[in-house]
Amino acid sequence: MNKSIFTAVLAFLLISCNNTPEVEVAPKAIGYEIEDDGTKVPLYTGDMSNLAVWEDYIKAHNTRNLNAIESLNAEENFKVYGPNGELIEGSDAHLQFLKNWFEEANPKWTTNYLIENEFTNSKGELRQWVTSGHQLTLTVEGKEIKLSQVHDALISKGKVQMFYVTERVLAEGE
């Protein structure tokens, strides 16, 4: 009997000693956002599901699926800032722009990278961004034009709220 009690106590002690408490790890900043007043707000890695939203958005552009694009655009305050100073406000204006551009230039994107980050601004608003790099091929009057684009997209509640496009013409052989 004493041997059984001793074995039970020993087993309990061994199990207790091997049970280490979980340590909460504070998120590590990966950079910072600079607010209008110059305040630096830490950026952290964000919700990876936002990458899927942006991937679906690019796929819808490549397949010319205007219904899918519309379903991914935010219903209110949707904006696009183009590479040459263009500002498109509202989903309807965006869809009209795309319809014309698809016919005129046949754009096709190849994604090179996607990065998700987030921060909470001084107003307490969570901002979740996807930064992505793409090769864009346009076909204008039978001639291919190859561009490199970087997109910064604000994703809110699973929708594209706004995005910025920066681009440059690729060098020969690039």
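1. Let's start with helix α4. Its buried residues (buried means under 20% relative accessible area, with a 1.4 Å probe and protein chains only) are S91, H94, L95, L98, W101, F102 and A105. Look down the axis of α4 and those buried residues fall within an arc of 130°, so they line one face of the helix. That arc is taken from the directions from the helix axis to the C-beta atoms. An α-helix has 3.6 residues a turn, so residues three or four places apart point the same way.

2. Before going further, a word on what you're looking at. This is a predicted model, in which local features need pLDDT of at least 70 and side-chain atom pairs count only at pLDDT 80 or more, while totals for chains, interfaces and linings use all residues. Residues are numbered from 1 along each chain as its sequence is written, and side-chain values use heavy atoms, with hydrogens and water left out.

3. What sits on the face of α4 turned away from its buried side? There you'll find the exposed residues D92, E103 and E104, where exposed means over 50% relative accessible area.

4. How does the span of α4 compare with what its residues should give? The helix covers residues 91–105, and at 1.5 Å a residue its 15 residues should span 21 Å; the end C-alpha atoms are 20 Å apart, which agrees. The expected span is 1.5 Å times one less than the number of residues. Just after α4, N106 takes a positive phi of about 45°.

5. On that subject, most residues other than glycine have a negative phi. Two loop residues are worth a click here. R64 has a phi near 60° and is found in the loop between α2 (49–62) and α3 (66–72). R64 is partly exposed, at 24% relative accessible area; partly exposed is the range between the buried and exposed cut-offs. K157 has a phi near 55° and is found in the loop between β7 (143–156) and β8 (159–169). With a relative accessible area of 83%, K157 is exposed.

6. Now try Q149, in strand β7. Is Q149 buried or exposed? Its relative accessible area is 4%, so Q149 is buried. The side chain of Q149 makes polar contacts (N or O atoms within 3.5 Å; within protein, one must be able to donate a hydrogen and the other to accept it, and residues adjacent in sequence count only if both atoms are side-chain atoms) with the side chain of H151 at 2.8 Å and with that of E167 at 2.7 Å. Leaving aside neighbours within four places in sequence, Q149 is in contact (heavy atoms within 4.5 Å) with residues including W109, H134 and V165.

7. D37 is another loop residue, between β1 (29–34) and β2 (40–45). D37 counts as exposed, at 62% relative accessibility. A polar contact of 2.7 Å joins the side chains of D37 and T39.

8. Finally, zoom out. The chain has four helices and eight strands; these are DSSP runs numbered from the N terminus, with helices as H or I of at least four residues and strands as E of at least two. Read along the sequence, the pattern is α-β-β-α-α-β-β-α-β-β-β-β. Of the 174 residues in the chain, 32% are buried.
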